[in-house]
Amino acid sequence: MRTPKEWIYDCGIIPVVVLSKVEDASPTAEALLKGGVDVMEITLRTSAGPDSIREVSKNCPEMLVGAGTVLNINDCEACVEAGAKFIVSPGFDKELVNFCLEHDILVIPGCVTPTEIMQSLNLGLDLIKFFPANIYGGLAALKALSGPFPNVKFIPTGGIDQFNLKEYLDLPNVYAVGGSWICNKTDIRNHEFNKIMQLASQSRSTLLGFELAHVGINCSNEEEALKSARKLNEIFGMQVEDGNSSCYAGKGIEFIKSKFLGAHGHLAVRTNDIVRAIVYLKSRGYLMDENNIKTQQGKIIAAYLQEQVSGFAIHLQQK
């Protein structure tokens, strides 16, 4: 079973949600889930916060719900009792952090200075909120902080949206991103849940970055594969690149020298993050073929789905 920390990484996005009415909590969570986002941070910026957390925890078990803008231990206890699985605070408070650690609660304090980061590290934390990211240096600051703090992972929040989230997630010290762009207060208040779903879906698509890498075509033998590649070279001038098990015509067409997965071959789809992609596809009911997962230095670099499309196997590939 995944820990809250692992769940947050798998999703990669933490919508910061401000609710003025408890009855809007579950519809907002459902819209996020339909859009492929299964983590949400419900803030205590309104009095509806704790009861909204309770509603989502009760009615949407597929959603990992946490509490944001937690400023003291009393609020923390109330949120955990309501079902919050993680606690986020805008700044660093040693008393609050120690309370969470003592009760085995995932806590993500806000830190922007080296001093605050060192205080968090001294308490054993390696996951920190960087807020507000756009005010305290954004990408440049996070790159600079990776030098003295190579083992710290950040969740930048503030000034992040679907247009720049990939820039942040491309940084090796960024664990996930947070923000209110997916479900702002106005859209929630106006019950624009379809819009929230669409923004969630767009953000997940940006994060995962699925795109066709190449088409693999099964051939009976090496001779057929090379003949096919050379024919495309003859017609279109596509350069032939010969390998041990296959050959390419250009960059986009691969001819397999023997029958492999798929009646006809495979479709290779690149993704920004293959681990997150596998979790996302699994949540949609598309499982991996466990016998055909390729790793390198302990990391997954390629995987086949159990699903096929029109006789083609589907091959995920890490960008």
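## Surface and charge

The protein chain carries 30 positive and 36 negative side chains, with the centres of the two sets 5 Å apart. Lys and Arg count as positive and Asp and Glu as negative, while His and the chain ends are not counted; each charge is placed at NZ of Lys, CZ of Arg, CG of Asp or CD of Glu.

## About the model

This is a predicted model, in which local features need pLDDT of at least 70, side-chain atom pairs count only at pLDDT 80 or more, and totals for chains, interfaces and linings use all residues. Residues are numbered from 1 along each chain as its sequence is written, and side-chain values use heavy atoms, with hydrogens and water left out.

## Overall fold

The protein chain has 12 helices and 16 strands, which are DSSP runs numbered from the N terminus (helices H or I, at least four residues; strands E, at least two). Its C-alpha atoms fill a box of roughly 75 × 45 × 30 Å along the principal axes.

Of the 319 residues, 49% count as buried (under 20% relative accessible area; exposed is over 50%, partly exposed in between, with a 1.4 Å probe and protein chains only). Contact means heavy atoms within 4.5 Å; among contacts between residues at least 6 apart in sequence, 62% join residues at least 24 apart.

## A look at Leu226

Leu226 sits in helix 11 (residues 222–236) and is buried, with a relative accessible area of 11%. Leaving aside neighbours within four places in sequence, Leu226 is in contact with Asp242 and Cys247. Ala313 lies 87 residues from Leu226 along the chain, and their C-alpha atoms are separated by 21 Å.
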